[in-house]
Amino acid sequence: MRPVDTVVVGAGWSGLAAAVELTRAGREVTVLESAPQAGGRARSVSLGDQTLDNGQHILLGAYGHMLELLGTLDIPEAEVLLRLPLDLSMRAPEHRGLSLSTLYLPAPLHLLGGLLSARGVGFFETLGALPGIRRMLGWDEAEDITVATLLQRCGQPEHLVRGLWAPLCLAALNTPLETASARLFTRVLNLAFTGHRRHCDLLIPRVDLDRVLAEPARRYLEARGSRLLTGHRVTALEALDGGGLRVRMRELILEARHVVLATPAGVTAALCTGLPGLKDVVLGLEHLGHEPICTVYLRYPPEVRLPMPMVGVLDLTAQWIFDRRHTGNPGVMAVVISGPGPHMELDNDALTRQVASELALLYPDWPAAGETWVVREKRATFQAAAGCEAHRPSMRTALPGLWLAGDHVQNGLPSTLEGAVINGLQCARAILASHPVT
């Protein structure tokens, strides 16, 4: 058996980022993916005669590592992503919602000025909330608290909590503000609203998610001598006496100098169980918890459209509506429901009827939807609850040659595509620093 240099287990965005970075530096990498296709939870799926995504995704202009990876793959941003200035329109069924657009000002004045000019909120009440918002942007307390407690301490009025902070918290952390981590939430706020004003731009995929990263990454790897093997499930890892690890699959056994586990938290815990020095890693991952995301796709006639690419919804089951015409699916609406809730008790038919009735309430001029599809990711993200950072592992393990990637690994961010890419790139760079290419 010829040993290989590096095995990356998992071909989600974190594993692909690690593999591309290692390959770029001259390493020979073998990527093993249990599913029939790469991309992980951010991949394309065939639903009826439509190619849609395994859940609607949105990115931020602050996602510098993700944009860096696209540059490595020689993919122009404008070719795969639609960049829009932050323009939030939050609709409510029985009363005014909230509309917020950032202003053409340096950060964070673009946000603060946008809040003062927002529609659907009281000017003087919002003005009184600005010092608390500045405090949130500079939050650096040692104790992690819930976002609900943070908003209370920072004097945020009910109309901003309901119309802005609660939906943003759920969208960014996939965890309700009553339990969500203030540390992670304020990190996202800093990422989006400090630095450059373009950091809060919205990046919406123009193409299927496979064409954003998975397909270009595969081409890049194969053109440079690395391999991406789908349909290969790793069943066990074994530490070798002389260093490195043995990677077992049903149909194949590999021995590698380095192994990067870029797998979901539960899979990583299972593969690490029994390995020397990793008991605390396993216990932490088992305590981390997870949260779901549901996406309901509804097909209307092609002329049906939203007034903007994305609209938020308050006080209903639906939370965000995306017009998929910008991804080449005119007439298709993607309705995203993040986090836990009563909707998880509904079967797909009942959930579809609920969402369709809500869209009819918000847009009574629309005709009835035709085909519908539901995509459920029951373990879409780790649970970004207050105190969760104590359970997240670091990328370095006590076992020489074994490294951890994936968005659940420590990086100060919640479960995002940017976090996944950051951990993949940093893991690869740590391997290169500790064992340079000769």
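1. Let's start with Cys388: with a relative accessible area of 3%, Cys388 is buried (buried means under 20% relative accessible area, exposed over 50%, and partly exposed in between, with a 1.4 Å probe and protein chains only). Please keep in mind that this is a predicted model, where local features need pLDDT of at least 70, side-chain atom pairs count only at pLDDT 80 or more, and totals for chains, interfaces and linings use all residues. Residues are numbered from 1 along each chain as its sequence is written, and side-chain values use heavy atoms, with hydrogens and water left out.

2. On the cysteines, a search of the whole structure finds 0 disulfides (a disulfide being a pair of cysteine sulfur atoms within 2.5 Å). Cys388 is in no disulfide, as the nearest cysteine sulfur, in Cys169, is 11 Å away. Cys294 counts as buried, at 0% relative accessibility.

3. Next, the interior. In soluble globular proteins, nonpolar side chains tend to be buried together. Here the largest nonpolar core has 106 residues, and Trp13, Met66, Trp165 and Phe185 touch the most other members (a nonpolar core is a set of buried Ala, Val, Leu, Ile, Met, Phe, Trp, Tyr and Cys residues joined through side-chain atoms within 4.5 Å). Helix α13 (residues 417-434) gives the largest share of this core, 10 residues (helices are DSSP runs of H or I with at least four residues, strands are runs of E with at least two, and both are numbered from the N terminus).

4. Met66 is worth a look on screen. Leaving aside neighbours within four places in sequence, Met66 is in contact with Trp13, Leu59, Leu81, Leu203, Glu418 and Val421 (contact means heavy atoms within 4.5 Å).

5. A second, separate core has 27 residues, among them Val9, Leu229, Met249 and Leu399. Leu399 sits in the loop between β18 (372-382) and β19 (402-404), and is buried at 8% relative accessible area. Beyond four places in sequence, Leu399 is in contact with Ala239, Leu245, Leu275, Pro276 and Leu278.

6. A search on a 1 Å grid over the protein atoms alone calls a set of points a cavity where a 1.4 Å probe fits but cannot get out, while a pocket is an open set with protein on both sides within 12 Å along at least five of seven lines; lining residues have an atom within 4 Å of a point. Grid points are joined across faces, edges and corners, and a volume is the space filled by probe spheres set on the points. The count comes to 1 cavity of 30 Å³ or more.

7. Finally, two backbone details to check. Asp315, in the loop between β15 (310-313) and β16 (320-323), has a positive phi of about 70 degrees although it is not a glycine. Asn174, also not a glycine, has a positive phi of about 55 degrees, and is buried at 3% relative accessible area.
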